[in-house]
Amino acid sequence: MNVREAAAALLGTVSERAPLSEEWPDLDVDTAYAIQDEALRQRRARGETLVGVKLGLTSRAKQQRMGIDTPLLAWLTDAMVLPAGVPVPSLIHPRAEPELVFVLGRRLAGPGVTAATALAAVDRVYGGIEVIDSRYADYRFTLPDAVADNGSSACFSVGPVGVPPSTVDLSLEAALLEVDGQIVDTATGAAVQGHPAEALALAANALAARGLALEPGWLVLTGGMTDAVPLRPGSRVAAHFSHLGSLTLTT
Ligand code: 0L1
Ligand code: MG
């Protein structure tokens, strides 16, 4: 299997499959990002538009759940945007997680980006929910597997309230995660690398190592604040943020 074949195979996966690393045992992280980039190329060839990036595995809750302590980056396209009120499409085994979402006002290029310089490039911050859907059975994978799978991305929804980042303390911004009316988890922005701007800086610096930058207008999902919860048929998952409003996903 080569990079192009792996990207096409993962893009075409509609039910659980074995981790890529089982048939490609020496798959490394750099090759996995090449697979991710090739999958983006194939998505664009079929008409999708790049709208930003997501970080994954930026909180301890997520790292402990997945047994991987290295954050990852993945691409977001317009096909992944779930407008308010639109039900989550049928997926393999979706899980939902609350995230803080930045919209960039200007280009942010590493290396050497700090949390402060990162935050200065942000136009607005929103609350959001990401729906992840690993193509791998039981969400069991190595870091290269998850990178190749574009960070388990499926779709995401951005909440109704966007504010300039200077108007809220994002380390203290709280999210309550609710499933069918029950609060199942809580976290503040500090769960994400100490401050979500640290995750944004991490993204800019990691992209710089690949000769890329974060572009104006891009969305940046900074990573699940809590562990992700299964999104079962008929259930409602809501995230309530302290200053950034609420949003609800249904199936
Ligand atoms: O958004 C995420 O945190 C996903 C990272 C990839 C691993 C996973 O499926 O949790
Ligand atoms: Mg996420």
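Where does Pro111 lie? Select Pro111 and you land in the loop between strand S3 (95-104) and helix H5 (115-120). Helices (H or I, at least four residues) and strands (E, at least two) here are DSSP runs, numbered from the N terminus. Show the backbone too: the peptide bond joining Gly110 to Pro111 is cis, with omega at about 5 degrees.

Before you go on, keep in mind that this is a predicted model, where local features need pLDDT of at least 70 and side-chain atom pairs count only at pLDDT 80 or more, while totals for chains, interfaces and linings use all residues. Residues are numbered from 1 along each chain as its sequence is written, and chains are lettered from A and ligands numbered from 1 in the order in which they are written.

Neither is a glycine, yet phi is positive at both: about 50 degrees for Asn150 and about 60 degrees for Ser152. Buried or exposed, what is Asn150? Asn150 is buried, with 28 other C-beta atoms within 10 Å. Ser152 is buried too, with 26 other C-beta atoms within 10 Å. (Buried takes 20 or more other C-beta atoms within 10 Å of a residue's own, with C-beta atoms placed from the backbone.)

**Now click on ligand 1.** Its shell has 14 residues, of which Gly56, Ser134, Ala146, Gly151 and Ser152 come nearest; to be near, a residue needs its C-beta atom, placed from the backbone, within 6 Å. Strand S1 (50-56), helix H4 (60-66) and strand S4 (122-132) each supply at least two shell residues.

**Last stop: helix H7, residues 196-208.** From first C-alpha to last, H7 reaches 19 Å, close to the 18 Å expected for its 13 residues at 1.5 Å a residue; the expected span is 1.5 Å times one less than the number of residues. Ten of those 13 residues are buried, and the cover over them includes S1, strand S2 (72-77), S3, H5 and strand S8 (219-221).

Pick out Leu200 in H7, one of the buried residues there. Leu200 touches Phe102, Ala118, Val220 and Thr222, leaving out residues up to four places away in sequence; contact means C-beta atoms, placed from the backbone, within 7 Å. Leu200 is also among the residues that touch the most other members of the largest nonpolar core, which has 74 residues. H7 gives the most to this core, with eight residues. (A nonpolar core is a set of buried Ala, Val, Leu, Ile, Met, Phe, Trp, Tyr and Cys residues joined through C-beta atoms within 7 Å.)

Technical notes: A residue is buried if 20 or more other C-beta atoms lie within 10 Å of its own, exposed if 12 or fewer, and partly exposed in between; C-beta atoms are placed from the backbone. Two residues are in contact if their C-beta atoms, placed from the backbone, lie within 7 Å.
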